[in-house]
Number of protein chains: 2
Amino acid sequence: MKDGEQMATIRDVAKLAGLSVATVSRAINGSGYVSEESRQKIEHAVAELDFRPNEVARSLFQKKSKLVGLLLPDISNPFFPLLAKGVEDFLQKKGYQVILGNVQENPERANDYLHAFHQNNVAGVLSAVDNDYAFYDNVHPLVFLDRVGNDSEYSIHADDVSGGAIAARAILKRKTKQIIVISGPKEIDRSKERLQGVLSVLEESKKDYSLVHSASFLLEDAIITAQTVFKQFPTVDTVIAPSDIHAIALIQEAYRHNIKVPKDLQVIGYDDIPISNLVVPPLTTIHQPAYEMGYKGAEMLYKLMNEQEVKQKKLILPTRLIERDTLRKKETQ
Amino acid sequence: MKDGEQMATIRDVAKLAGLSVATVSRAINGSGYVSEESRQKIEHAVAELDFRPNEVARSLFQKKSKLVGLLLPDISNPFFPLLAKGVEDFLQKKGYQVILGNVQENPERANDYLHAFHQNNVAGVLSAVDNDYAFYDNVHPLVFLDRVGNDSEYSIHADDVSGGAIAARAILKRKTKQIIVISGPKEIDRSKERLQGVLSVLEESKKDYSLVHSASFLLEDAIITAQTVFKQFPTVDTVIAPSDIHAIALIQEAYRHNIKVPKDLQVIGYDDIPISNLVVPPLTTIHQPAYEMGYKGAEMLYKLMNEQEVKQKKLILPTRLIERDTLRKKETQ
DNA sequence: TTGAAAGCGGTACCAT
DNA sequence: ATGGTACCGCTTTCAA
């Protein structure tokens, strides 16, 4: 890049300021002694030359760059861009750059990225890919976002057991004939916990329900699942979905069958992705703080990278019900 | 990262293979002579030590890394993750990593990222942020994706004039009473061209229409715009939207007013983001090949980075009509 | 308070 | 065909 003039180096600054590179380095990093007079000269020279330290050279010496690796399962799932945005907003303020690793739910690719991150001396990694998918041995520091590995020391995710329970309780307040609970991929802790939260409430209240399984959070699987629901359970009138995408796909399938939402079919989603507020009817769902998760996860990683104390190694963020229009009126209060 | 054992260096490999670092380097890079025998030894040593060259050291020497900067206007706009996915899929195969720069439509941030990219010796940059927003002088090689700066030499984007025309022609095949054309932000070439395509067809056919302006492609502005449309034009029965988000927001606003789509209001979107096929009713829209744009843009950049010939400096990708359910039946034909 | 010099992990020139 | 070595730009001892 920048081909015009060669980029100024610390040597150019030193020459212009009439000092040694060592002094310039100290001045720039605020390490060691530098006289006020020298500081002035250096400041001017830096401005004059528009000098910016070469991060690569720094990284080579420090064995640590200002780069952070971010592993995402699937960037086309709207939940993850939100996460990524939170991550970037925090790290950008701290002068870190993020290297994107979009794994496409592909274990091999996760490991390739982890190696690439390492070869680039990343200062840390943030991962939303659980460790069935990748070998994290020796990746350090490491903070898991959303999807959490069993043995992960640092992590941040939503309170999905509680989120699932909230969804189920919202359903119990309505009249229901046949409840279908869609379960997400069982390898993913997040969806297991959601399901667990839902089922515990349903069972405690002795409500009948049937399960339909969805293979993944991919759009295609959400569509297939929606079709399955109506095929297997033509009389379904209530669905608890494991994601907003699932819920939206279901609403569309209902529309194709000329089933009215929420009159004939009520649906509750999960995630509260931005679009869920724009669909017809606006989706009632469980809000998961994706942006905040990314932001706080980055903050945790930052502390780890800079040897600051992390008071809470496992952060669990609250979920909450967003009441919109896909559930029927409450029966009881 | 990897704290356990120190990462193996090329010197370790040389020692284990009983050869010099120069020979090992040649073997690894396939540059210069290496005897078959030496090659074998080196191969074993590399495997034994699980050696992977430190990209930072390489980058320092070469003044060029295996990193590519990707500037995006807004990662939470579903169009851009698709682009990013295409970019990553291509570059990952070629051994490049992408540094994410999410600009949030903020000029200052664009420049910060450009500097950061530079300080990290990126081999090139891909930008979907037009140059009113950033100073690209000396950023090289540079390929613009989607949003194209005036003086950009290399670029790839959709044929939006034609896309706009296709949308307008689809509308002309239907009966209309009052057509509203929503214009996107005028600073963005893409939306200018869409509008131009729409208007040229409408004017040629002497159709009346009214314009409503939308400040940006942000969700919030799409909602505001939808409200404006109904407030200013209560009798609107046809809308040409500048993005799917705008169209979806409009459909929801119609729903709130109890206006039926497409019976009382027909809408055509633009982009064909994944969710457009999941909403109710499924959105008729103009498909823009976002993934392909990212993929091919990355390919173009790759050629530039590796001094390969680029036959076409400005690639314009075709758009096409995706007929779904938000337009009424054709009148003629 | 300052500076000379070693070294981070590679690459490539130049001998041999 | 191989290896010694300077060097990429910066940081950090260590001596002055």
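This is a predicted model: local features need pLDDT of at least 70, side-chain atom pairs count only at pLDDT 80 or more; totals for chains, interfaces and linings use all residues.

Guide: Let's start with strand 8 (residues 238-240) of chain A, which pairs with strand 9 of chain A in the parallel sense, over three bridges. Look there for A:Ile240, which sits opposite A:Ile268 in strand 9 of chain A. Now zoom out a bit: that pair belongs to an open sheet of four strands in chain A, ordered 7-6-8-9, with parallel pairing. Strand 7 (210-213) and strand 9 (266-268) of chain A are the edges, each pairing on one side only. Going from one strand to the next, the twist averages 20 degrees.

Next, the helices. Helix 7 (residues 160-172) of chain A packs on the sheet and touches strand 6 (179-183), strand 8 and strand 9 of chain A. The direction of helix 7 makes about 170 degrees with that of strand 8 of chain A. Then there's helix 9 (residues 219-232) of chain A, lying across strand 6, strand 7 and strand 8 of chain A. Helix 9 runs at about 145 degrees to strand 7 of chain A.

While you're here, glance over at the partner chain too. In chain A, 49 residues are in contact with 49 residues of chain B. On the chain A side, the elements giving two or more residues include helix 5 (79-93), strand 2 (97-102) and helix 10 (244-256). By class, that side has 28 nonpolar, 15 polar and six charged residues. Strand 2 of chain A is joined by three bridges to strand 2 (residues 97-102) of chain B, and the two run antiparallel. Within that pairing, A:Ile99 stands opposite B:Ile99.

Notes. Residues are numbered from 1 along each chain as its sequence is written. Chains are lettered from A and ligands numbered from 1 in the order in which they are written. Two residues are in contact if their C-beta atoms, placed from the backbone, lie within 7 Å. Ala, Val, Leu, Ile, Met, Phe, Trp, Tyr, Cys and Pro count as nonpolar, Asp, Glu, Lys and Arg as charged, and the others, Gly among them, as polar. Two strands pair if DSSP finds at least two bridges between them. Axes are lines fitted to C-alpha atoms, for helices over the stretch in contact, and angles run from 0 to 180 degrees between N-to-C directions.
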